[in-house]
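Keep the sequence and the model side by side as you read.

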Amino acid sequence: MPATSFQRRAIPLLLATALALFGTGIFFPFFHVTKFWLFNDAVSVVGGIITLFHEGEYFLFAVLTLFTLVFPCVKLGLLGIIWLERDHDLARVHRLHKWVESLGKWSMLDVFVVAILIVAMKSAGVADLHIGLGLYLFTFSVVATQFASAWVADLLERK
């Protein structure tokens with residue numbers, strides 16, 4: 001089976017998988033924090049963002065909302081539109097894919113921010129931190145989206 005035939009079948013599946021992983025990953029705990037062996041807390045992306053807003057950390061709230069919620073949603077939406085429109089308006093599809101490529105350059109910034117947060121909390125020695133399912137789901141969503149984007153770009157180049 002040629003690679004393009006495989007890609008044509010895999011892209012919608014990857015997009016649906018990425019959306020499902022993203023949707024669940026942002027609500028599942030990214031990490032579990034135990035402070036002083038007594039206090040346990042599970043922190044999800046959505047819960048953390050809401051907490052930042054309630055605590056008046058508006059800059060961090062805005063940055064994390066933009067890079068963790070808005071950018072991935074826009075990227076997945078654009079890839080879905082590109083996939084549905086791929087045989088109709090090729091100029092529009094190429095323009096949209098340029099947007100996807102631009103967003104892709106920023107797509108791992110949120111994972112980087114979470115990694116810095118985890119390292120900071122662990123090095124402070126105040127809390128015991130364990131990675132939660134949400135981080136894995138979110139990361140797999142980013143990877144699936146990247147594969148779908150690369151395969152869409154490959155198919156568009158062949159047209």
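Helix α6 (residues 133-158) is the main contributor to a nonpolar surface patch, giving 3 residues. The patch consists of Phe28, Ile131, Leu133, Tyr136 and Phe140. Together these five have about 490 Å² of accessible area. Such areas come from the Shrake-Rupley method with a 1.4 Å probe, and for residues only the protein chains shown count as cover. A patch takes residues with over 30% relative accessible area and no salt bridge; nonpolar side chains (Val, Leu, Ile, Met, Phe, Trp, Tyr) are joined within 5 Å, like charges within 9 Å. A salt bridge here is a side-chain nitrogen of Lys or Arg within 4 Å of a carboxyl oxygen of Asp or Glu. Helices (H or I, at least four residues) and strands (E, at least two) are DSSP runs, numbered from the N terminus.

The model is predicted: local features need pLDDT of at least 70, side-chain atom pairs count only at pLDDT 80 or more, and totals for chains, interfaces and linings use all residues. Residues are numbered from 1 along each chain as its sequence is written, and side-chain values use heavy atoms, with hydrogens and water left out.

Now take the residues of α6. Leucine 133 lies in this helix. Leucine 133 counts as partly exposed because its relative accessibility is 45%. The classes are buried (under 20% relative accessible area), exposed (over 50%) and partly exposed (in between), with a 1.4 Å probe and protein chains only. Glutamate 157 is also placed in α6. Its relative accessibility is 66%, so glutamate 157 counts as exposed.

Threonine 145 is another residue of α6. Threonine 145 is buried, because its relative accessible area is 6%. Which residues does threonine 145 contact, leaving aside neighbours within four places in sequence? They are Ala18, Lys75, Leu76 and Leu79. Contact means heavy atoms within 4.5 Å.

Helix α3 (residues 58-85) packs against α6 at an angle of about 35°, with the axes 11 Å apart. Axes are lines fitted to C-alpha atoms, for helices over the stretch in contact; angles run from 0 to 180 degrees between N-to-C directions. The crossing of α3 and α6 is left-handed. In that case the near helix is turned anticlockwise from the far one by less than a right angle; clockwise would be right-handed. On the α3 side, the meeting residues are Thr68, Pro72, Lys75, Leu76, Leu79, Ile82 and Trp83. On the α6 side, they are Phe138, Thr145, Gln146, Ser149, Val152, Leu155 and Leu156.

Is lysine 75 buried or exposed? Lysine 75, in helix α3, counts as buried because its relative accessibility is 4%. Lysine 75 and leucine 96 are 21 residues apart in sequence, and their C-alpha atoms are 9.8 Å apart.

Next comes helix α4 (residues 90-104), where leucine 90 has its place. Leucine 90 is partly exposed, because its relative accessible area is 31%. Leucine 90 and leucine 156 are 66 residues apart along the chain, with 8.3 Å between their C-alpha atoms. Not counting residues up to four places away in sequence, valine 100 touches Lys75, Leu78, Leu79, Ile82 and Ser149. The C-alpha atoms of valine 100 and serine 149, 49 residues apart along the chain, are separated by 7.6 Å.

Step back to the whole protein. It has 6 helices and 3 strands. From the N terminus, the order is α-β-β-α-α-α-α-β-α. Of its 159 residues, 38% count as buried. Among contacts with a separation of 6 or more, 70% are between residues 24 or more positions apart. The accessible surface is about 9500 Å², and carbon and sulfur atoms hold 70% of that area.
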